[in-house]
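Let us walk through this structure together, one part at a time. Have the sequence and the 3D view ready, and look for each piece as it comes up.

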Amino acid sequence: MDLCIIGSGYVGLVSGACFAEVGHTVICVDNDQRKVDMLHRGEIPIYEPGLEELVLRNVAAKRLRFTNSIEEGVDHSQVVFIAVPTPPQADGSVDLTYIERVAREIAGVLKPGQYRVVVDKSTVPVKTGEKVEATIRRYNREAELDVVSNPEFLREGCAVPDLMHPDRIVIGSSSQRATDLMKRVYEPFQAPILVTDVNSAELIKHAANSFLSLKISYINAVSAICEASGADVEMVADGIGMDRRIGRNFLNAGLGYGGSCFPKDVKAFIAISDELGVPFHLLKEVENINAGQLERFLKKVREALWVLREKRICVWGLTFKPDTDDVRNSVAIDLIQHLVKEGAHVTAYDPKGMSKAVEHHLLPAGVKLTHSALEATEGAEALILATEWKEFANQDFSKVKEAMHTPLIFDGRNLFNPKTMREFGFTYHGVGRP
Ligand code: NAD
């Protein structure tokens with residue numbers, strides 16, 4: 001099939017490459033000329049394992065191309081996906097200006113007799129599909145289209161396998177013609193397809209991300225009880241996670257959730273439910289627990305170091321999770337900001353996130369970045385693990401101990417084995433475990 005994706009970011013670019021990989025012909029549109037130029041040169045603007053090979057292979061096979069022209073994309077495609085940002089506004093509600101703009105742009109280029117399925121892949125509040133359709137029809141009275149909701153569930157860091165082998169594909173549609181076309185798009189993926197109405201599909205995405213955030217906050221709240229009682233949250237999580245009704249995933253205690261999705265989607269769901277007159281109080285508590293988690297962790301650091309001013313602290317990890325270069329809304333960066341504010345001298349290292357952190361000016365002045373994890377520990381009076389990259393677990397800890405001024409580890413993701421760390425001679429502090 002001929003497909004167009006508007007927005008070539010984490011969702012749009014990876015979806016476009018995966019659609020091409022299964023045999024569709026895909027045009028990825030982006031209005032950021034710099035991004036389009038990079039892609040034309042064969043440079044991938046984001047880091048996602050396996051993405052580069054996928055893009056290069058499908059460009060070479062002429063199944064994938066890039067443009068800044070919505071007209072070119074819409075003209076050549078039966079199905080037009082929207083994958084542009086839906087950032088939060090100050091009050092937590094979703095800023096839909098990118099979506100509205102794309103709707104007007106599609107209306108401006110749709111020609112009479114050109115039936116198109118317009119698919120919303122961005123995460124949007126319930127009832128957005130209705131507004132997208134009304135907007136396109138308002139600006140183009142002859143438009144022939146159906147609007148479908150097809151939320152994306154990929155996880156950054158494993159976006160390619162997630163897209164190639166999804167747990168389920170949700171198609172929210174009120175038109176049989178559009179549903180049939182969407183099923184043809186997804187047929188090669190051989191994944192379970194759930195067809196719903198548009199509103200339900202939109203709601204599924206916010207409900208899913210809020211539930212995952214709730215699981216994280218739940219185990220984080222349990223971790224506080226473990227700390228107060230001397231129990232081990234890892235054992236507790238194993239014990240409850242072995243119950244198939246609960247499952248072990250997303251029961252990892254740590255610094256809390258961050259990134260470009262969970263915080264904004266929980267906030268959005270709270271705002272949506274408030275607006276509908278059915279406030280979702282439980283989700284407000286999910287947010288409170290999440291915010292408290294970093295505060296509790298910092299308290300531990302302060303207790304151990306007494307005064308943070310002038311202390312040399314090494315932070316491992318800047319990205320919001322491992323295997324990505326995405327530093328948007330990362331708890332690691334929040335943590336560094338707190339440390340610097342209190343006068344600490346921070347040295348940091350991340351395998352993939354340093355250039356984006358610098359490019360977007362996310363690090364406070366004075367933070368020193370190094371070329372390796374070991375180098376960052378030189379002279380440090382404490383090491384804080386903020387993101388659980390495998391590279392950090394695989395360090396030679398006798399060298400780390402040698403490099404540090406005082407062997408103190410704060411493991412914000414419970415990555416290390418406390419017993420092993422103590423055998424190396426470190427004083428070890430994890431989250432919710434002795
Ligand atoms: P992103 O910022 O990485 O990419 C968005 C892209 O859209 C950018 O390249 C931007 O230049 C482009 N863009 C903006 N306006 C445009 C326009 N008018 N025309 C053409 N291109 C335009 O964002 P993302 O992380 O891919 O997220 C996109 C959507 O998908 C959001 O709603 C997000 O919530 C949702 N989502 C994200 C993830 C994730 O893990 N990142 C997962 C599932 C869903």
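Two strands pair if DSSP finds at least two bridges between them. Helices (H or I, at least four residues) and strands (E, at least two) are DSSP runs, numbered from the N terminus. What you see is a predicted model, in which local features need pLDDT of at least 70 and side-chain atom pairs count only at pLDDT 80 or more, while totals for chains, interfaces and linings use all residues. Residues are numbered from 1 along each chain as its sequence is written, and side-chain values use heavy atoms, with hydrogens and water left out.

With that in hand, start at the sheet. Strands of a sheet pair through backbone hydrogen bonds, either parallel or antiparallel. Here, 6 strands make an open sheet with parallel pairing, and their order is β11-β10-β9-β12-β13-β14. At the edges stand β11 (368–369) and β14 (427–429); each has a single partner strand, so one side of each is left without a neighbour in the sheet. Now find strand β12 (residues 382–385) and strand β13 (residues 408–411), which pair in the parallel sense over 3 bridges. Leu 385 is placed opposite Asp 411 in β13.

Next, look at what lies across this sheet. Helix α12 lies across β9 (312–316), β12, β13 and β14, and runs at about 170° to β13. Axes here are lines fitted to C-alpha atoms, for helices over the stretch in contact, and angles run from 0 to 180 degrees between N-to-C directions; contact means heavy atoms within 4.5 Å.

How do other helices meet α12? The axes of helix α9 (residues 198–229) and helix α12 (residues 281–305) come within 9 Å and cross at roughly 45°. That makes α9 oblique to α12, because angles under 35 degrees count as roughly parallel, over 145 as roughly antiparallel, 65 to 115 as roughly perpendicular and the rest as oblique. The residues of this contact include Leu 214 and Ala 221 of α9, and Val 286 and Arg 296 of α12. They divide into 7 nonpolar, 7 polar and 3 charged (Ala, Val, Leu, Ile, Met, Phe, Trp, Tyr, Cys and Pro count as nonpolar, Asp, Glu, Lys and Arg as charged, and the others, Gly among them, as polar).

Helix α11 (residues 262–275) also has its axis within 9 Å of that of α12, and the two cross at roughly 150°. That makes α11 roughly antiparallel to α12. Among the residues in this contact are Phe 269 and Ile 270 of α11, with Leu 283 and Glu 287 of α12. By class, the contact of α11 with α12 has 5 nonpolar, no polar and 4 charged residues.

Finally, turn to the rings. The structure holds 15 aromatic pairs (rings of Phe, Tyr and Trp, its six-membered ring, pair if their centres lie within 6.5 Å; planes under 30 degrees apart count as stacked, over 60 as edge-to-face and the rest as tilted). One of them is the tilted pair of Phe 397 and Phe 424, 6.1 Å centre to centre with 45° between the planes. Phe 397 lies in helix α17 (residues 397–403) and Phe 424 in the loop between α18 (418–423) and β14, so the pair ties together parts that are 27 residues apart in sequence.
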